[in-house]
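I opened the model to look through its sheet, its backbone geometry and its pockets. My notes follow the order in which I looked things up.

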Amino acid sequence: MASPSPAFPTLSAAVLLGLGRPGAGDPRVRPLTILLAGTAASDTAQLRAGLEAAGHRCLLAASWPEATGMLSRILVDVVVQELTCPGARRFEAVKRLRAWPPPLSRLAMVAMAGQQERGLEPACQEAGFDALVSRPLSPEALEAALRRVVVARSPAEPLDALRREELLAEFGQEGRRIRDRAALDEAAACVVRLRSLPALPDVQAAAAQAARAFDSVGAKAAAAAARAIEAKPDRRPVLLQPLIAASVAAKMALRRG
């Protein structure tokens, strides 16, 4: 006899119409809406403070039923579920969520655990989690892990199609290629400088120059990543890796034409 379909909550119009995307913009750099489900009070306070200081929105659920209720009403980018979250039954919650209809079935899910168990990471992935993080971890480390899984589930288009067409009409195919190479070389030099510049005003200037170079050839995702560093130069250690990833994606996209 076939097992019954897993029950799922009635989704609000906001969730259904939003298609699971709580915010517009490049997922590599925009603020995230994060749900912490069942995390210990000591972890929650530290992680929430760090994530919110970085500009993200944190929601808290003490149990999985409470988390389910919030997910049915509020658009969320990613859920961090403590494996001991009350009501989650370790892997059962994520397995049920993956069987729900979209957009919840596509939601990024990260498991949190204490001491690493042998074979735990592949078990989490098999159950449906996108990643596993282990305590103790800093808000910065958690943010980097969450950013990776959100980007993997919702990659941004690297190029502005309209800008690319404008450049083609104005300069032709070969002329556009020449501009692409010059812009990428200029941006790459800025990214190299961003690794070591000590003064925040210099960091802002280099990031702004990189953004202009990327913008000039329609590399919109890389430009957004550079502008994020320009806006918050003190967060360069966290924001540099998304910029590098967006730069590589832009280079590959531009080479494809």
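These entries go from the sheet to the loops and then to the pocket.

**Entry 1: the model**

I note at the start that this is a predicted model. Residue numbers in my notes count from 1 along each chain.

**Entry 2: the sheet**

I looked up the strand order first. Five strands make an open sheet, and the order is β2-β1-β3-β4-β5. The pairing is parallel. I then checked the edges. β2 (57-61) and β5 sit there, and each pairs on one side only. From one strand to the next, I get an average twist of 25 degrees.

Next I went through pairs of strands. β1 (residues 33-37) runs parallel to β2, and five bridges join them.

**Entry 3: strand β4**

How many residues of β4 are buried? I count six of six, so I call the strand mostly covered, with buried meaning under 20% relative accessible area. On one side I find A108, V110 and M112. On the other I find M109, A111 and A113. These residues are all buried, and both faces of β4 are covered.

**Entry 4: helix α3**

Which strands does α3 touch? I find β1, β2, β3 and β4 (108-113), with the helix packed on the sheet. The direction of α3 makes about 135 degrees with that of β2. I checked burial as well. α3 (residues 64-73) is mostly covered, with seven of its ten residues buried. The buried ones are W64, A67, T68, G69, M70, L71 and S72.

**Entry 5: backbone geometry in the loops**

I searched for cis peptide bonds and noted one between R135 and P136. Its omega is about -5 degrees. P136 lies in the loop between β5 (131-134) and α6 (139-153).

R89 came up, with phi near 55 degrees. R90 came up too, with a positive phi of about 60 degrees. I placed R89 in the loop between β3 (78-82) and α4 (92-99). R90 is found in the loop between β3 and α4.

Is R89 buried or exposed? Its relative accessibility is 64%, so I list R89 as exposed. R90 has 31% relative accessibility, so I list R90 as partly exposed.

**Entry 6: the largest pocket**

The largest pocket has a volume of about 450 Å³. I find 22 residues lining this pocket. Closest to its centre are D180, L184, K251, L254 and R255.

Which helix gives the most to the lining? It is α7, with twelve residues. α7 (161-194) and α10 (236-255) each supply at least two residues of the lining. I sorted the lining of the largest pocket by class: nine nonpolar, three polar and ten charged residues.

Methods: This is a predicted model: local features need pLDDT of at least 70, side-chain atom pairs count only at pLDDT 80 or more; totals for chains, interfaces and linings use all residues. Side-chain values use heavy atoms; hydrogens and water are left out. Helices (H or I, at least four residues) and strands (E, at least two) are DSSP runs, numbered from the N terminus. Buried means under 20% relative accessible area, exposed over 50%, partly exposed in between (1.4 Å probe, protein chains only). On a 1 Å grid over the protein atoms alone, a cavity is a set of points where a 1.4 Å probe fits but cannot get out, and a pocket is an open set with protein on both sides within 12 Å along at least five of seven lines; lining residues have an atom within 4 Å of a point. Grid points are joined across faces, edges and corners, and a volume is the space filled by probe spheres set on the points. Ala, Val, Leu, Ile, Met, Phe, Trp, Tyr, Cys and Pro count as nonpolar, Asp, Glu, Lys and Arg as charged, and the others, Gly among them, as polar. Two strands pair if DSSP finds at least two bridges between them. Axes are lines fitted to C-alpha atoms, for helices over the stretch in contact, and angles run from 0 to 180 degrees between N-to-C directions. Contact means heavy atoms within 4.5 Å.
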